[in-house]
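The sequence and structure come next.

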Amino acid sequence: MHGLSRLGTGGNRSVSPSPPSSPRLRHGRHKNFSGGGGRGGKQSAADKILFLLISSVFRRKGVLLFAPLLYILGMLLFMGSLGFDVVSLKNAVVVVHRRLPPGSVYRGPQVFQKLWPFMEAESNASHNALMTTWNLKTHQGWKPCVNSIFSKSGFSELPKSNGFLIIEANGGLNQQRLSICDAVAVAWLLNATLVIPIFHLNSVWRDSSKFGDIFDEEFFIHALRNHVNVVRELPEDVLQKFNNNISKIVNLRVKGWSSPAHYLQKVLPKLQALGAVRIAPFSNRLAYSVPSNVQGLRCLSNFEALRFSEPIRTLADKMVERMVMKSSHTGGKYVSVHLRFEMDMVAFSCCEYDGGEEEKREMDLARERSWRGKFRRRGRVIRPAANRVDGKCPLTPLEVGMMLRGMGFDNNTSLFVAAGNIYKAEKYMAPLKQMFPLLETKDTLAIPEELAPFKGHSSRLAALDYTVCLHSEVFVTTQGGNFPHFLMGHRRYIYGGHAKTIKPDKRKLAPLFDNPHIG
């Protein structure tokens, strides 16, 4: 509208002389604006504006005037924000409608309906990707991170401690695991005695488990004995200095991703002066890039010292044995999938699936419950379509199944799904079970009586999933996060540097799942 207004105003400034137009344009002008017998005044005005618009585009100044507008329009068309599909040609009139931007509609069910006949035709095929994918490659010179830095014997007695370090680990199982590994490295840097970390009750995970409920405390202390002194709690004499109240101990606010130098310059003097310091919260408080000896302590903590507690290990080992037995037709090999399609994850992603008022209401409530107004901040714009095209939406169980079937994993593949409470599980898990009838979860591998002590403790349940995935032939990650990152590293560590992992590129998958005519 603005372009037409500006050109119209320019057209009225006809008092200034202009070069004569070409004979072709003069002929066109005479033809279009002669008396015109049945045309009314309004129609003549519309013709005049249309003529001025077209003629101005052919003039040099008109092209310059419209260049920014044409550029913006082209970008919008390219990005999919604007678009038109031809619907029909009727009575010499082209009828068009606006095309929805890519990713604005969840088309997984339509794509599945199109591909399912092909999947059925390939069922029970002799070729299965589980048996043929990724031949073992030789990794010359590969050494576990622990062995490359530390030997396992010959350590002298640890020097006198500079004081006690108390940290508070928050988040879920693997966020807590990350904090513990960082705490061991920092305690080594400061020559401090590490108190068994305190677990903070997280608003999302809502698990009240203590360190000893998830990890083997005695084993943790013993495994680190030659590197860091670890105690279960503060000695009585130290606690009395702070009126027997741990909250009286000074809490140092350390910035995220702080360097080792920061701890030596800022934290160490306080530790030596006070005898004990707290750092809470301690999530992501040590930089990723650190010297190799500091990284070695992280590695030692994660892959050697942090062993799950005895109740978790006992049930997890049974589940692995049962999964191997159920996979006897493939030599005990199975595929594990970390599926992130819980309500909180779907809500946080700001992606739309079935859409509608019910889903919108559920997602709004979930966001408010867990993140308290974060998504209602002024200026925050939620663009579900852009998120999907950018690969930020969690893959649905249906999309994971179609991806695996497309890679050659047939319906004889034993599949273990590691997940929390799937959003609308009965609806969204049905097509995945249809594609992979030999699908198992912790709820099918363990009987209710075995799982009863773990119910209501999401971190302990996640530890069961972690162990079954750790021993799978192939591990599939679908969303990222601490669980798959720790698991991929752990699998490489125990399998000599070679572990079979599928990490899909969701940006490239998005247009495939958005195409209902695929086939």
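## Disulfides and other cysteines

In this predicted model, the disulfide of Cys351 and Cys393 is left-handed, because the torsion about its S-S bond is about -95°. The two sulfur atoms of Cys351 and Cys393 lie 2.0 Å apart. Cys351 sits in the loop between helix H14 (343-349) and helix H15 (356-371), and Cys393 in the loop between helix H16 (384-389) and helix H17 (397-406), so this pair ties together parts that are 42 residues apart in sequence. Both Cys351 and Cys393 are buried.

A disulfide also joins Cys145 and Cys299, with a sulfur separation of 1.5 Å. The link of Cys145 and Cys299 is right-handed, with 50° about the S-S bond. Cys145 belongs to the loop between helix H6 (129-132) and strand E3 (164-169), whereas Cys299 is in helix H12 (residues 292-305); the bond therefore ties together parts that are 154 residues apart in sequence.

The count of disulfides comes to 2. With the bonded cysteines numbered in sequence order, the pairing reads 1-2, 3-4.

What keeps Cys350 from bonding to the closest cysteine sulfur? The sulfur of Cys350 is 7.3 Å from that of Cys351, which is too far for a bond, because a disulfide requires sulfur atoms within 2.5 Å.

| Residue | Relative accessible area | Class |
|---|---|---|
| Cys145 | 28% | partly exposed |
| Cys299 | 6% | buried |
| Cys350 | 5% | buried |
| Cys469 | 0% | buried |

Technical notes
Residues are numbered from 1 along each chain as its sequence is written. This is a predicted model: local features need pLDDT of at least 70, side-chain atom pairs count only at pLDDT 80 or more; totals for chains, interfaces and linings use all residues. Side-chain values use heavy atoms; hydrogens and water are left out. Helices (H or I, at least four residues) and strands (E, at least two) are DSSP runs, numbered from the N terminus. Buried means under 20% relative accessible area, exposed over 50%, partly exposed in between (1.4 Å probe, protein chains only).
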